[in-house]
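Here are some brief notes to read beside the model. Please keep the structure open while going through the points.

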Amino acid sequence: PHTVLARTKNLGAFLVSSVELGRMADARRWLGKMEEISEQIGGAANLDFLSGVAKAASPELAKSWWSYMRRKAVTPRREHYDALISASREVFSEAQRWFQQLINDGFTPEVSSYTALLAAANADVAEELLQQMLDENLRPSKRTYSTLVQVMAKSSNVARAVQWLELSQDGTAPPSEASYNTVIGALAGAKRWGQVEELLRSGMMRPDIFTYNNIL
């Protein structure tokens, strides 16, 4: 049993690496191997495997794994949909489709569901989604704020990235190192050196090697 479990993790890592290298034929081969192992150890592995596909950010592979699960009559869980949304984060319309499918199939979106969809959105839509979460009395997590900050920085909305980083200090969900470093990098990229220095001196986070790499 221990050998099989170790192998499932390895296959997920191989799949992600293949996608990152653009070797989709290899990725599909690893997906096939994952299906073989899932046959051996039952449905418990499906979420782990789907999470591996999500890390690869490949809608194509996500659909393949979902089709496999449906063929095997695996009962879906909300977490499966969250992983499908995350896997589609490079294409908002596809991520939104899985989010709606989650609702259509009788599940209630949780913080993780909204956070996964946030990652696929542009700056304006991301803020609308956050407001929708708040309207539904869902408390944003540290990961939610970190995702929002990264969306703003990716959209070159540096001022809004800084704003959300500061708002995340309200004690509900303190900022993550990733979001702090993302904002530092966005400010440095915009040559806003005064704000970089101000943020470094704020004591919000202790700078690390990634912080300084983002400045250089």
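**Notes on the model**

1. Ring pairs join Trp66, Tyr81, Trp98 and Phe107 into a cluster. Rings of Phe, Tyr and Trp (its six-membered ring) pair if their centres lie within 6.5 Å; planes under 30 degrees apart are stacked, over 60 edge-to-face, and the rest tilted. This is a predicted model: local features need pLDDT of at least 70, side-chain atom pairs count only at pLDDT 80 or more, and totals for chains, interfaces and linings use all residues. Residues are numbered from 1 along each chain as its sequence is written, and side-chain values use heavy atoms, leaving out hydrogens and water.

2. The structure holds 5 aromatic pairs. In one of them, the ring centres of Trp66 and Tyr81 are 5.2 Å apart and the planes are at 55 degrees, so this pair is tilted. The pair links distant parts of the chain: Trp66 is in helix H4 (residues 59-71) and Tyr81 in helix H5, 15 residues apart. Helices here are DSSP runs (H or I, at least four residues), numbered from the N terminus. Trp66 and Tyr81 are both buried; buried means under 20% relative accessible area, exposed over 50%, and partly exposed in between (1.4 Å probe, protein chains only).

3. Trp98 also has a charge over its ring. The charged end of Arg97 sits there, 4.5 Å from the ring centre. The criterion is NZ of Lys or CZ of Arg within 6 Å of the centre and within 35 degrees of the ring normal.

4. Is Asp82 buried or exposed? Asp82 counts as buried, because its relative accessibility is 9%. Asp82 lies in helix H5 (residues 78-87). Not counting residues up to four places away in sequence, Asp82 touches Leu102, Ser112, Ser113 and Ala116, where contact means heavy atoms within 4.5 Å.

5. Which helix gives the largest share of the lining of the largest pocket? H9 does, with 6 residues. H3 (45-55), H5, H7 (111-118) and H9 (142-154) each supply at least two lining residues. The volume of this pocket is about 730 Å³. Among its 25 lining residues, Ser86, Arg89, Ala116, Ala119 and Arg143 are the closest to its centre. On a 1 Å grid over the protein atoms alone, a pocket is an open set of points where a 1.4 Å probe fits, with protein on both sides within 12 Å along at least five of seven lines; lining residues have an atom within 4 Å of a point.

6. Tyr212 is in helix H13 (residues 209-215). Tyr212 is partly exposed, at 44% relative accessible area.

How values were computed
Grid points are joined across faces, edges and corners, and a volume is the space filled by probe spheres set on the points.
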